[in-house]
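Take a moment with the model shown here. We will walk through its sheet, then turn to its ligand.

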Amino acid sequence: MQHVTLNNGVQMPVLGFGVYQIPPERTERAVSEALAAGYRLLDTAPYYGNEEAVGRAIAASGIPRADLFVTTKLWVQDAPAQENTRRAAEDSLARLGLDHLDLYLMHQPYGDVYGQWRAMEDLNREGLATAIGVANFYPDRLVDLVVNNDTTPAVNQIETHPFFQRTADQRLMRECGVQLQSWGGLAEGRAELLTHPLLGEIGRQHGRSVAQVVLRWLVQRGVVAIPKSVRPERMAENIAVFDFELTDDQMASIASLDTGTPQFLDHHDPRTVAWLARRRLARTG
Ligand code: NAP
């Protein structure tokens with residue numbers, strides 16, 4: 001497994017396993033299978049409702065804690081943000097059965113972002129979160145957060161796949177020292193991506209699947225990917241992308257697929273902001 005080095009020196013695997021939309025009762029098995037397939041980075045969130053199941057799979061695996069990289073996220077908190085952020089982090093740690101997170105991400109760029117971020121900085125200083133970062137931040141909000149706070153987010157986890165490539169965003173993040181992590185790297189399994197003729201042809205040239213071409217394209221760009229699957233054969237397929245390389249011409253032809261627009265959620269759309277603002281999570285302890 002290759003790693004990237006975050007802005008605080010922490011090493012993060014360049015490929016991990018995401019558990020969004022895996023039902024809680026299915027998650028322990030999926031994570032156990034992913035760990036058996038060699039994944040060491042796990043990406044969950046209170047919003048997914050499956051942190052406890054992730055924790056059970058970690059405990060059952062017997063894998064040393066230092067060999068794992070566990071990410072969870074902070075959902076938008078009600079005021080007072082400082083107090084509620086700490087409580088939310090402690091609740092996540094309890095559900096996961098861990099004493100620290102490797103990465104704690106602010107899940108959405110909404111609410112009292114600054115109060116939440118300052119509380120996350122405290123958690124980072126205290127060692128409860130080895131690295132802290134954000135998700136779904138467009139460049140304007142990201143730069144504002146960077147220039148007005150002590151700690152630069154180590155990671156920004158954003159929708160990134162061949163139809164929404166974020167090349168300019170990645171350049172800006174590099175300048176700021178923020179690692180790009182892709183969510184929806186396989187476009188959430190959409191057929192338009194997985195049956196795309198150009199990606200299929202590149203796959204044939206390497207004897208690889210379209211999913212492998214896409215994941216290789218991400219890691220070759222220095223983007224951290226966290227594909228989700230509940231199928232062990234796909235888990236194995238998705239992690240087997242370190243023994244071939246796309247040519248410059250292939251990288252350039254994939255660049256032509258960029259639409260420059262989000263395919264799932266537009267975080268600039270006022271309707272998205274209002275919809276996400278209404279979604280508060282009940283405290284489950
Ligand atoms: P994704 O990884 O792009 O796609 C997952 C879908 O692709 C599933 O339906 C899966 O089906 C299918 N799939 C996986 N491997 C495949 C393969 N080799 N061939 C064909 N189909 C395949 O979507 P995602 O889960 O939305 O994104 C990945 C992770 O990013 C999430 O799990 C979550 O951890 C994170 N995320 C974060 C945010 C955020 O706001 N920060 C938002 C969304 C996601 P099967 O399961 O049936 O194999």
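In what order do the eight strands of the open sheet lie? This is a predicted model, and its strands run in the order β3-β4-β5-β6-β7-β8-β9-β10. The pairing is parallel. At the edges sit β3 (17-18) and β10 (224-225). Each of these two strands pairs on one side only.

Now pick one pair of neighbours. Strand β8 covers residues 155-159, and strand β9 covers residues 179-183. The two run parallel, joined by five bridges. Look for Ile 158: its bridge partner in β9 is Ser 182.

Next comes the ligand. The space it takes is the largest pocket. Around the ligand there are 28 residues. Those that come nearest are Asp 43, Gln 157, Leu 186, Glu 188 and Ser 229. What kinds of residues make up the shell around the ligand? There are 12 nonpolar, nine polar and seven charged residues. Helix α10 (residues 232-239) gives the largest share of this shell, with three residues.

A polar backbone atom of Val 230 lies 2.9 Å from a ligand oxygen. For Gly 184, a backbone N or O atom is 3.0 Å from an oxygen atom of the ligand. For Gly 189, the distance from a polar backbone atom to a ligand oxygen is 3.4 Å. How much of the ligand does the protein bury? Taken alone, the ligand exposes 900 Å², and the protein buries 90% of that.

Technical notes
Residues numbered from 1 in each chain as written. Predicted model: local features only at pLDDT ≥ 70, side-chain atom pairs only at ≥ 80, totals over all residues. Heavy atoms only, no water. Near = heavy atom within 4 Å. Polar contact = N/O pair within 3.5 Å; in protein donor to acceptor, adjacent residues only side chain to side chain. Areas by Shrake-Rupley, 256 points an atom, 1.4 Å probe, with all protein chains shown as cover. 1 Å grid on protein atoms, 1.4 Å probe; cavity = no way out; pocket = protein on both sides within 12 Å on 5 of 7 lines; lining within 4 Å. Sits in = over half its atoms within 2 Å of the grid points. Helix = DSSP H or I, 4+ residues; strand = E, 2+ residues; numbered from the N terminus. Nonpolar A, V, L, I, M, F, W, Y, C, P; charged D, E, K, R; others polar. Pairing = 2+ DSSP bridges.
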